[in-house]
Amino acid sequence: MTERKTYLLLKRTLVLFLLILPMICASLAPAPVNAQSAQLPVYVVQSGDTLYGIAGQFFTTIDEILAVNNRSIGDTLRPGDRLFIPGFEGLQGVLTTDYVPLGASLRSLSRRTQSEPASLVRLNKFTSQSELFVGRKIALTTSETTQNLQTMPSLLPGQSWMERSILSGQNPWALARLNRLTSPNTALPQDAYYAYSAQNNPNSLAIPGLTSMVIDNLPLVQGGTFVLKVTSEQPVTLMADLAGVQPVFFARDDDSQIAFGGINALQEPGAYPLTIEVTNAEGATYRFDQWTIVGSGNFETDQTLKVDPETVDGDNIANEDALFKQIVTTLTPVQQWSGVFQYPTKGGDCVNSRFGSRRSYTGTDKIYYHTGLDIGWCYGIDVFAPAAGTVVAALPDQIVRGNTLVIDHGLGVFSIYMHLQDFLVAEGDQVQPGQLIAHIGNTGRSSGPHLHFEIDINGTPVNPVIWLNREFP
Ligand SMILES: [Zn+2]
């Protein structure tokens, strides 16, 4: 195109635009958004959301979001604000985001959210079913009037939809419609179905004999803690494996089972297979596999630490590690703690080094990762038990760990206190949350007085900050 032609075209476009501008303005005022936006789904802003994050989640740009919502970049985004999301014309309802639950398929997600599988594919640009990795953040549409749904116990082999519905106190035909079944006869034993209920239930896994199995504390990250919670109609034996981590299941008083897992801080971020095997009383085994996402722990790098060479000697480390491994893998079946773990010192803002930091020591090339939280003595040297438990080790003069206490909280969860000056409890003691148990010291591989506070799950150190911020299970 010549320059002259381009000029004429631009001029004509400008004249046309000036002619129709009053019409556009008239149609906009006083409505806050243009007519086209009414066809778009709405996202309700959550606390912590940013325009950048919202644009990324919905494959759009900040400019496009601002345009369809008649907003400018300077406007404050507040939780509860409703934003039209461009690019999804014709999709009805409210957009939400969630992490893909254990057992989810496009069918189960569509039933749970009462939306079309095609809408989920379009919203998330899925190209195959196998992209439903556990813990992946996805977008969903829900109707603002949707009632709570809970998973029905899975169909048992040979059990009909009629029988299952009636056992669950539901109308078989209404239930079939809710679950988008063309006929009640098309229900399958290993598929998740939902019924109206008072509460939402995140379970999406359908295994005969299991009522529910969920993985809690998603998304999974390096150094993260995950929890598998299972309820079953009959006694079952469970096995789970996530990237080589095999959480140990414990029976609870209410006929449910629970297992805690810790993800190694050095596990490369990526997708890993999760396998679950359920064996019923008759010996029949059901196996389930799904890919799971492990995200980055966003760890820092500490400065090289100057320490006594004896404390970085390979044999010394190996001998001591073996002793402690034995202590923190001797599991007890009773949960002793309740609620969130308390901070183990006064204050709570006196951290010298975080969990997971990559670090090295003078005189060696090896890169270590920090297995706990280093707390300074800004508020005195008292160390308190963060939760109820039993002291299972009070070991003085360890070369690396110094004077060290280990408390067993049950179910594979241990808290560990290193470099102490002294102990105020002994092996076998029961401790209560907030009980004074020790004083901060500078013993073992330590370059200044501090408490190394660690939480291990079945022998794997996990980020203790999570335990200080949320209640498990
Ligand atoms: Zn430390």
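**Questions about a predicted model**

Q: Where is the place of P219?
A: P219 belongs to a loop that links two strands. Strands (E, at least two residues) and helices (H or I, at least four) are DSSP runs, numbered from the N terminus; residues are numbered from 1 along each chain as its sequence is written. Please keep in mind that this is a predicted model: local features need pLDDT of at least 70, side-chain atom pairs count only at pLDDT 80 or more, and totals for chains, interfaces and linings use all residues. The place of P219 is the loop between β7 (210-216) and β8.

Q: What is omega for the peptide bond that joins L218 and P219?
A: Staying with P219 in its loop between β7 and β8, we can look at its bond to L218, which is cis. For that bond, omega is about -5 degrees.

Q: How many helices and strands does the secondary structure of the protein come to?
A: The C-alpha atoms fill a box of roughly 85 × 70 × 40 Å along the principal axes. Within the protein, the secondary structure amounts to 9 helices and 26 strands.

Q: What percentage of the contacts in the protein between residues at least 6 apart in sequence join residues at least 24 apart?
A: Two residues are in contact if their C-beta atoms, placed from the backbone, lie within 7 Å. Taking contacts between residues at least 6 apart in sequence, the share that joins residues at least 24 apart is 69%.

Q: Which residue is the bridge partner of Y43 in β2?
A: Strand β1 (residues 42-44) runs antiparallel to β2, and 3 bridges join them. The residue of β2 that partners Y43 is L83.

Q: Which residue in β14 stands opposite E277?
A: Another open sheet of 4 strands, also with mixed pairing, has the order β8-β14-β13-β10. In it, β13 (residues 270-280) and β14 (residues 285-295) are antiparallel and joined by 10 bridges. Opposite E277 stands R287.

Q: How far apart do the C-alpha centres of domain 2 and domain 3 lie?
A: An automatic or database domain assignment gives the domain bounds: domain 1 (33-90), domain 2 (216-295) and domain 3 (309-467). The distance between the C-alpha centres of domain 2 and domain 3 is 26 Å.

Q: Which strand supplies the largest share of the side of domain 2 that touches domain 3?
A: The contact takes 14 residues from domain 2 and 15 residues from domain 3. On the domain 2 side, β11 (248-251) and β12 (256-262) each supply at least two residues. The largest share, 4 residues, comes from β12.

Q: Is H419 buried or exposed?
A: H419 lies in strand β22 and has phi near 65 degrees, a positive value in a residue other than glycine. A residue is buried if 20 or more other C-beta atoms lie within 10 Å of its own, exposed if 12 or fewer, and partly exposed in between, with C-beta atoms placed from the backbone. Because 24 other C-beta atoms lie within 10 Å, H419 is buried.

Q: What does A243 count as, with 17 C-beta neighbours inside 10 Å?
A: A243, in the loop between β10 and β11, is a residue other than glycine with a positive phi, near 50 degrees. Because it has 17 C-beta neighbours inside 10 Å, A243 counts as partly exposed.

Note on methods:
Pairing = 2+ DSSP bridges.
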